[in-house]
Amino acid sequence: MSEAVSALKAAEFTGGIAEVTLMDPIGMISVRGDLTAAYMKKALKKAVGLGLPDTRSVQINGDRGVAWMSPDELLLLCPYDQVSDTIDMLTKCFGSNHTLAVNVSDARAVFRISGAHSRDVLAKLAPVDLSPATFTPGMIRRTRLAQVPAAFWIEEGDSFRLVCFRSVALYVYDLLKIAAQPGSAPVFYSAKP
Amino acid sequence: MLTLTCPNCGITAEETEFHAGGEAHLKRFGPGSSDTEFEQYLFMRDNPKGVHFERWRHVYGCGKWFHAARDTMTLEVFGTYTAQTSTVPQDIINKIMDRRPDWQASTAP
Ligand SMILES: [Zn+2]
C-alpha cells in the first residue's frame with residue numbers, strides 16, 4: 001500500500017490568536033441507511049463500540065467515533081489503517097439491507113484549532129452561534145467556512161476538530177491562518193483579552 | 001437577513017447556509033400535456049408580495065430539502081415543513097392566518 005500523506009503534508013500555524021494544525025490522515029467512513037434499524041445499531045457497536053448518536057451529536061470512544069450527519073447519514077471515525085477491516089465488519093452486519101458504507105478518508109482533510117480564541121476564529125468564518133452556552137462538547141456542526149463546506153466539533157476544552165474536503169484543504173488552512181492572525185482577537189466569546 | 005430552521009436536522013441558520021429552490025408545490029406537466037400546460041409548468045411562476053411557499057435545501061448542513069412559508073416583503077418566516085408533501089400542512093396555514101388574517105387560505109397549494 002502506498003504511504004498515506006495529509007493534503008498539505010505538515011502545516012502548522014502558531015503565534016496567532018489560535019493554533020492551527022493539519023492532522024495526519026484519520027479513517028473516515030460515510031454510512032448511509034436507516035439509522036434506526038436494529039442491524040445499524042449492531043454494526044455501530046461492533047465497528048466503533050458506540051450506539052447511535054443523537055441528532056447533530058458526535059461520540060468519541062478512544063481512537064474511534066461516530067457523528068450524526070443527516071437523518072440518513074453517519075460519519076464513522078477510526079484509525080486510518082483500520083478502515084478496510086471496519087468496512088468489512090459493517091458490510092457483514094448490514095447484510096442484504098439497503099445500506100452503504102464507503103471509505104472517504106482520502107477525500108477529507110482534518111484540522112485542529114486550539115487556544116483560548118479558537119471559538120472566535122471559527123465564528124469569524126462560519127454562520128454559527130459559537131458561544132460556550134450554545135455550542136457545547138458532544139455537538140457536531142456541518143456548515144460553511146467562508147465559501148466551502150466544513151464540519152467541526154469540540155475535541156476537548158478549547159480545542160476544535162474540523163473536517164473539510166481535501167481539495168479545499170489549502171483554502172481552509174489559509175482562511176484559518178488569516179482568522180487567527182496575531183492581534184485579530186475580537187474578544188467576544190473569550191472574555192480574557 | 002432571512003433566518004430559516006431546517007426541519008430535517010433542527011438547525012436554525014441564516015440564509016447563506018441554505019440554497020433557494022424556487023416556488024414550491026408545482027404540479028408537473030410532462031409528456032402528453034398541452035403546450036400551454038407545459039409552458040405554465042416550466043416557466044410561469046408566482047411572484048407575490050407577501051405570503052409565498054418555497055423549496056429550500058440545507059446545502060452546507062444536512063444536505064436535505066424542505067419547504068418554507070414566508071413573507072417575501074418582510075422576510076418573516078411563518079414556518080418550515082417537510083419536503084415530502086405536495087400540499088401545505090394545516091399547522092403552517094394556521095400560523096400564516098395568525099399573522100396575516102386577511103390572507104386567502106384558499107390560495108394555498
Ligand atoms: Zn438540515
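Modeller: Let us begin with one such pair. The side chains of R141(A) and E17(B) form a salt bridge, with an N to O distance of 2.7 Å. Please keep in mind that the model is predicted.

Biologist: Where do R141(A) and E17(B) lie?

Modeller: The pair runs from one chain to the other: R141(A) belongs to strand β9 of chain A, and E17(B) to the loop between β2 (12–14) and β3 (19–23) of chain B.

Biologist: Is R141(A) buried or exposed? And what is the relative accessible area of E17(B)?

Modeller: The cut-off for a buried residue is a relative accessible area under 20%. R141(A) has 7% relative accessibility, and therefore counts as buried. E17(B) is buried as well, with a relative accessible area of 0%.

Biologist: How many salt bridges cross the interface of chain A and chain B?

Modeller: The rule finds three across this interface, and over all chains the count is 13. Another pair is E14(B) and R144(A), whose side chains meet in a salt bridge at 3.6 Å, N to O. This pair joins two chains, because E14(B) lies in strand β2 of chain B and R144(A) in strand β9 of chain A. Both E14(B) and R144(A) are buried.

Biologist: Which residues are joined into one network by salt bridges that share partners?

Modeller: The network consists of R32(A), D72(A), E73(A), R142(A) and K64(B). Within chain A, the side chains of E73(A) and R142(A) meet in a salt bridge of 3.7 Å, N to O. This pair links distant parts of the chain, since E73(A) is in strand β6 (residues 73–78) and R142(A) in strand β9 (residues 140–145), 69 residues apart. E73(A) has a relative accessible area of 10% and so is buried, whereas R142(A), at 23% relative accessibility, counts as partly exposed.

Biologist: With which residues is E73(A) in contact, leaving aside its neighbours within four places in sequence?

Modeller: The contacts of E73(A) are S30(A), V31(A), R32(A), L35(A), A67(A), W68(A) and R142(A).

Biologist: How does one describe the size of an interface?

Modeller: The accessible area lost when the parts come together is often given as the size of an interface. Here, the area buried between chain A and chain B is about 1,100 Å², and carbon and sulfur atoms give 52% of that area. On the side of chain A, R56(A), R141(A) and R144(A) lose the most area to chain B, together 40% of what that side buries. In terms of contacts, 17 residues of chain A meet 13 residues of chain B.

Biologist: Let us turn to the metal. Which atoms coordinate the zinc ion?

Modeller: The zinc ion is coordinated by SG of C6(B), SG of C9(B), ND1 of H58(B) and SG of C62(B), at 2.0 to 2.4 Å. Along the chain, these donors follow the spacing C-x2-C-x48-H-x3-C.

Biologist: How many residues does the largest nonpolar core have?

Modeller: The largest nonpolar core has 33 residues, and those with the most contacts inside it are F111(A), L145(A), L162(A) and L176(A). Elements of chain A that each supply at least two residues of this core include β8 (108–114), β11 (159–165) and α4 (169–179). The most comes from α4(A), with six residues. Apart from this core lies another, of 31 residues, with V66(A), I87(A), C6(B) and A13(B) among them.

Definitions and conventions: Residues numbered from 1 in each chain as written. Chains lettered and ligands numbered in written order. Predicted model: local features only at pLDDT ≥ 70, side-chain atom pairs only at ≥ 80, totals over all residues. Heavy atoms only, no water. Donors = N, O, S within 2.8 Å, 3.2 Å for Na, K, Ca; no water. Core = buried A, V, L, I, M, F, W, Y, C linked by side-chain atoms within 4.5 Å. Buried < 20%, exposed > 50% of the residue type's maximum accessible area, 1.4 Å probe, protein only. Helix = DSSP H or I, 4+ residues; strand = E, 2+ residues; numbered from the N terminus. Contact = heavy atoms within 4.5 Å. Buried area = accessible area lost by both parts, 1.4 Å probe. Salt bridge = Lys/Arg side-chain N within 4 Å of Asp/Glu carboxyl O.
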